[in-house]
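Here is a quick tour of a protein model, from its overall makeup down to a few individual residues. Have a look at the chain, then read on.

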Amino acid sequence: MDDAGATRGAPLAAVEAVFREEHGRLLAALVRRFGDLDLAEEVASDAIEAAVARWPVDGVPPKPGAWLMTPARRRAVDRLRRDRAHAARLALLQVEADRTEAGPIGDVEGDLPDERLRMFFTCAHPALPAEDRVALTLRCLAGLTTPEVARAFLVPVETMAKRITRAKKKIREARIPFRVPTASEVPERLPGVLQVVYSVFTEGYAASSGPRVQRLDLAEEAIRLARILRRLLPAEREVSGLLGLMLLIHARRDSRTGPDGAVVPLEDQDRGRWDRPMIDEGRRLVEVALTGGPAGPYGVQAAIAALHAEAPDLASTDWPQIVALYEVVLALTPGTISPNGYTCTSDCAFG
């Protein structure tokens with residue numbers, strides 16, 4: 001392994017952070033290459049096991065995703081070649097891949113293409129039940145194991161395993177394509193992707209079960225996924241709106257609950273504990289979301305959250321503007337008011 005750029009004797013925490021970031025990219029690239037989600041998951045796990053043994057000693061390689069792709073691809077090809085039922089399919093897939101891909105994939109000397117946008121749209125396909133979309137997104141894009149996804153939503157592992165298996169079976173049987181929608185399809189499909197990410201965040205701040213009101217691990221994972229989406233879709237203003245909304249809400253995390261875990265009302269929160277750098281980032285994203293055309297529901301909600309975050313105290317809050325913005329949200333998304341819905345996110349549902 002080339003020493004350049006590698007961190008020798010990398011601590012396990014650093015290695016785990018790389019795995020978390022690279023897992024979704026690796027899985028998406030394998031699915032693009034072989035067209036089989038189950039196979040991609042299996043060989044991705046094998047590659048990560050190999051890295052777990054080597055990276056803490058040798059260091060994280062300069063291009064970890066490409067490093068992982070090499071053993072994963074070899075394992076996939078070996079398995080398919082041993083399986084006669086898949087031999088013809090492998091040949092066809094390889095021909096198609098060679099024709100459509102603009103260069104070698106998985107070479108340790110090259111970069112691993114970021115195919116995660118395909119996975120976002122596949123996991124959030126409207127043909128899948130809503131709960132399955134969230135589970136599959138956490139499994140495939142967040143890199144959580146099935147037990148971790150089950151633990152996140154406080155359901156039995158067997159229940160979550162069935163949910164994920166059902167989603168993958170639906171993708172296979174309905175022949176849901178692993179692809180990015182065309183430009184004309186994105187406006188129709190993107191809200192579903194954003195809603196999946198937002199559902200993860202909502203569960204983090206208004207947990208549907210369990211003893212804790214806040215599940216900050218889920219909220220932070222939703223923010224991470226939204227950051228990935230923004231890198232992949234920089235021109236989509238509603239992606240900026242969603243990320244800004246979540247950051248502005250998450251900036252108040254330390255003041256939302258008291259020592260006993262009870263929710264602290266907005267008027268009683270210690271605003272000195274709010275995360276000002278995160279608020280500033282959220283406000284910048286609001287400006288992006290509201291500039292260049294009609295605003296979307298996430299951008300407007302983010303503007304509401306920004307007004308709360310900017311006020312030095314409750315009395316100074318610009319309530320008339322907040323009411324006017326809520327009316328805009330109602331016009332954009334009629335019939336969506338719910339305890340965890342559009343119009344309660346910035347102040348009433350999450351405190």
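A residue is called buried here when its relative accessible area is under 20%, exposed when it is over 50%, and partly exposed in between (1.4 Å probe, protein chains only). What you're looking at is a predicted model, where local features need pLDDT of at least 70, side-chain atom pairs count only at pLDDT 80 or more, and totals for chains, interfaces and linings use all residues. Residues are numbered from 1 along each chain as its sequence is written, and side-chain values use heavy atoms, with hydrogens and water left out.

**The overall picture**

Let's start with the elements. The protein has 14 helices and zero strands, where helices (H or I, at least four residues) and strands (E, at least two) are DSSP runs numbered from the N terminus. Of the 351 residues in the protein, 50% are buried. Contact means heavy atoms within 4.5 Å; among contacts between residues at least 6 apart in sequence, 70% join residues at least 24 apart.

The expected span of a helix is 1.5 Å times one less than its number of residues.

| Helix | Residues | Length | First to last C-alpha | Expected span |
|---|---|---|---|---|
| H11 | 237-250 | 14 residues | 20 Å | 20 Å |
| H13 | 297-310 | 14 residues | 20 Å | 20 Å |

In H11, 13 of the 14 residues are buried, so the rest of the structure largely encloses this helix. For H13 the count is also 13 buried out of 14, so H13 is largely enclosed too.

**A crossing of helices**

How do H6 and H9 sit relative to each other? Helix H6 (residues 130-140) packs against helix H9 (residues 186-205) at an angle of about 85°, and their axes are 9 Å apart. Axes are lines fitted to C-alpha atoms, for helices over the stretch in contact, with angles running from 0 to 180 degrees between N-to-C directions. Angles under 35 degrees count as roughly parallel, over 145 as roughly antiparallel, 65 to 115 as roughly perpendicular and the rest as oblique. H6 and H9 are therefore roughly perpendicular. On the H6 side, the contact is made by Arg-133, Val-134, Thr-137 and Leu-138, while H9 brings in Val-196, Ser-199 and Val-200.

A disulfide is a pair of cysteine sulfur atoms within 2.5 Å, and the structure holds zero of them. Cys-123 is in no disulfide, and the nearest cysteine sulfur to it belongs to Cys-140, 4.4 Å away. Cys-140 is likewise in no disulfide, with the sulfur of Cys-123 as its nearest, at 4.4 Å. Cys-123 counts as buried, at 1% relative accessibility. Cys-140 is buried as well, at 1%.

**A few residues worth a click**

Where is Arg-175? Look in the loop between helix H8 (157-173) and H9. Arg-175 has a positive phi of about 55° although it is not a glycine. Most residues other than glycine have a negative phi. Arg-175 is exposed, with a relative accessible area of 74%.

Glu-158 lies in helix H8 and is exposed, at 54% relative accessible area. Glu-158 and Thr-146 are 12 residues apart in sequence, and their C-alpha atoms are 9.0 Å apart in space.

Arg-32 belongs to helix H1 (residues 12-34) and is partly exposed, at 25%. Arg-32 and Met-119 are 87 residues apart along the chain, yet 9.3 Å separates their C-alpha atoms.
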